[in-house]
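Hi everyone, thanks for coming. Let me put the model up, and then I'll walk you through a couple of spots in it.

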Amino acid sequence: MAIDLVNKMETMTGAKALMTAMEKEGVKEVFGLPGGANLPMYDEFARCNIRHILTRHEQSAAHMADGFGRVSRKPGVCFATSGPGATNILTGIATAQADSAPMVAVTGQVPVAMIGKDAFQESDIIGMSNPVVKYAFQPRDASEVPAAVRKGFFIAQTGRPGPVLIDIPKDVQIGEAEMTFPDEFKIRGYHPWADPDVVNVEKAVDMLLNSEKPVILAGGGTIISSAFAELQVIAEMLMIPVVTTFKGKGSFPENHPLSLGPIGMHGHAEANKIMTEADCVLAIGTRFSDRSVGTFEAFEKRLKIIHMDVDPAEIGKNQTTNVAVVGDVRVSLRIMIKMLAKKAIKQTEENNWLKHVKETKEYWKENLKLHPGEMGAAKILRKLRELLPHQSIVTTEVGQHQMWASLFFDVIQPGTFFSSTGLGTMGWGFPAAIGAKVAKPDVHVVDIAGDGSFSMTENSLATAVLEDIPVIVFILNNSSLGMVAQWQRTFYKRRMIGVDQQHCPDYVKLAESYGAQGIRAQSMDELDRAIKTALSSDVATVIDIPIDPEEDVLPFVAPGTSLSEMVLPS
Amino acid sequence: MWAILSLLVENKPGILFKITHMFRSRNFNIDSISVGVTENPEFSRMTITTFGDEKQIAQIVKQLDKMIDTLEVKELDEHKTVYRELSIFKIKLSNANDSMEINKLANAYGGKIHDVKKNSMMVELTATPDQIEAFQELAKPFGILEVARTGVAALQRSGA
């Protein structure tokens with residue numbers, strides 16, 4: 001390696017420059033799978049301080065990077081080869097985009113001269129990924145690699161985070177150039193933050209203070225910007241009840257007296273009820289997704305909406321608002337707190353609205369009918385909560401178990417619950433848990449799973465065992481694609497098509513075959529022991545919990561209806 | 001409503017694809033688009049005309065603005081804007097008088113005549129889309145053989 005000391009330039013290959021630039025970004029781990037077109041970058045793992053974590057499928061590599069990114073709030077990195085490696089990673093990229101997770105995906109590409117020739121393992125991943133990346137780079141010369149990495153990491157984690165793709169042709173990885181690693185750089189069309197408009201914050205404060213039935217709706221943006229303390233201060237200052245979106249679950253301690261839990265299709269009954277009765281909502285970092293708000297029009301006429309979001313394009317996209325505050329929600333909330341403090345405003349508990357909120361909460365606590373059996377979803381998840389330390393990270397798969405987790409698993413410490421809420425990607429939870437554990441090795445990480453979703457990426461057990469990443473997979477096993485089955489029971493007159501998993505595979509044996517620990521829990525006593533065993537083990541553990549395949553997730557707001565049309569357990 | 005959007009974008013490969021893809025994936029439609037390099041070769045100017053209600057147009061502008069490769073996105077007020085489109089019509093000549101009639105019509109719209117042949121002639125017309133459509137209506141009885149249109153190019157008037 002030639003070093004030009006005067007210009008601080010070094011001659012090196014594109015592959016070496018990639019790893020060097022990533023080391024400068026603080027990358028310690030990469031999740032990935034090698035192939036023909038990324039061999040030069042893989043060869044560099046032998047000569048750098050970045051750990052490679054081998055996955056058995058590129059989609060899992062992307063989910064691991066996603067889980068890592070959400071927990072550490074720094075981009076998780078995944079590597080895949082060209083062609084099928086790149087297309088496999090695409091689901092993971094789209095998942096990260098839908099949930100605004102910081103990620104840098106690096107793919108190999110066929111040599112520049114072969115692009116467009118339908119070469120072996122060539123795919124136009126730049127074109128295919130376009131609608132699901134925050135930005136994409138394809139360096140055409142080795143000298144362009146350092147800037148692509150620097151800018152890519154910056155874009156992925158600033159403003160509204162998202163996935164960035166860096167697609168590097170093989171000859172660019174091999175090619176040598178004099179490299180400079182810029183500390184400073186400019187992306188002239190990128191404005192990730194706006195300063196919140198103070199006048200609008202003032203208007204928002206007035207609107208909140210002049211409302212009789214205010215509610216706070218905290219979305220995923222609250223978690224992304226770590227505005228937990230600010231959210232709690234505002235809620236307590238004004239004594240306003242807090243509901244969340246599903247993505248915002250755990251932005252506010254769910255054992256707090258003002259907490260009502262998530263609204264939405266499978267929201268808490270008390271949250272949906274209070275949301276439909278409110279006259280003013282402070283919506284923080286949310287895009288008013290259909291799953292959260294149903295058909296909002298049903299009650300928006302009397303509802304004043306204050307919308308805070310870092311992404312100006314979210315203002316008015318799904319929901320017309322009365323006041324919009326564009327900017328990092330943590331910054332906006334801090335401005336709001338200062339204004340409230342100046343006005344010396346401190347609400348008391350004694351008002352009719354709050355009394356009504358408390359009564360509603362109490363009512364549903366006592367009157368929501370739960371599954372009568374010993375192994376009902378609520379009992380199982382409450383047992384997990386009882387035994388799992390509050391700082392533990394929980395991910396979920398996608399399906400009924402995910403919605404039961406939303407209903408029955410209370411998040412006490414903010415920012416410890418993560419799920420694929422936007423794209424709803426089955427198979428996300430387990431690899432994401434592995435990524436989360438890599439980001440925070442000192443806490444327990446549990447994937448609340450269903451058998452259908454887990455089976456999509458279950459081969460990540462190899463990664464968990466071989467790379468010594470001991471996470472816990474907690475399967476509520478109804479031996480079916482339970483959510484689809486529920487819809488077939490509800491909307492298709494019990495015509496059950498393509499949902500029966502027929503108890504295949506045996507998850508205890510499956511876990512054991514990978515060298516992981518497998519435990520079946522068929523009673524509450526067994527479950528208690530299984531959780532305690534898993535928490536004290538230093539190997540990945542699968543807890544298989546057979547449940548009633550007929551148990552539905554209720555309450556339920558059917559698609560295309562409003563939150564007030566919630567279906568309750570009969 | 002009809003909207004004219006003026007975009008200043010990075011002059012790099014793939015940008016046109018990204019812009020048009022945003023319209024497709026977010027369920028909007030492009031009515032016309034014209035692209036050309038600006039006085040500074042680092043940038044291109046795109047002029048896009050589109051239809052939508054006020055909310056949709058606002059959302060299109062925001063989504064374009066959010067894209068990292070766009071440096072400036074403006075919705076132009078058509079009353080404060082010079083906007084023109086170039087069109088070329090190939091028109092059938094059936095009767096002896098046709099070429100004279102078409103010539104008159106073209107003159108009335110400020111068009112130019114090209115390629116006069118026995119059975120056809122061409123009219124080049126630079127005008128607003130409305131005027132081009134009006135000309136097209138009047139030329140229709142002669143028989144329009146082919147039309148090529150560039151889409152609108154637009155700039156806001158100074159001080160407007």
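Let's begin with a helix pair: in H3(A), A:Ser60, A:His63, A:Met64, A:Gly67, A:Phe68, A:Val71 and A:Ser72 meet A:Pro431, A:Ala432, A:Ile434, A:Gly435, A:Ala436, A:Val438 and A:Ala439 of H18(A), where contact means heavy atoms within 4.5 Å. By class, that contact has nine nonpolar, five polar and no charged residues.

A quick word on the source: this is a predicted model, with local features needing pLDDT of at least 70 and side-chain atom pairs counting only at pLDDT 80 or more. Residues are numbered from 1 along each chain as its sequence is written, and side-chain values use heavy atoms, leaving out hydrogens and water.

Back to our helices. H3 of chain A covers residues 58-72 and H18 of chain A residues 429-439; they pack at about 45°, with axes 6 Å apart.

Is A:Gln59 buried or exposed? A:Gln59 counts as buried because its relative accessibility is 15%, and buried means under 20%. Beyond neighbours within four places in sequence, A:Gln59 touches A:Asn88, A:Thr91, A:Gly92, A:Thr425 and A:Met426.

Last, the strands. S14 (residues 304-309) and S15 of chain A pair in the parallel sense over four bridges; pairing takes at least two bridges by DSSP. A:Met308 stands opposite A:Val325 in S15(A).

Technical notes
Chains are lettered from A and ligands numbered from 1 in the order in which they are written. Axes are lines fitted to C-alpha atoms, for helices over the stretch in contact, and angles run from 0 to 180 degrees between N-to-C directions. Helices (H or I, at least four residues) and strands (E, at least two) are DSSP runs, numbered from the N terminus. Ala, Val, Leu, Ile, Met, Phe, Trp, Tyr, Cys and Pro count as nonpolar, Asp, Glu, Lys and Arg as charged, and the others, Gly among them, as polar. Buried means under 20% relative accessible area, exposed over 50%, partly exposed in between (1.4 Å probe, protein chains only).
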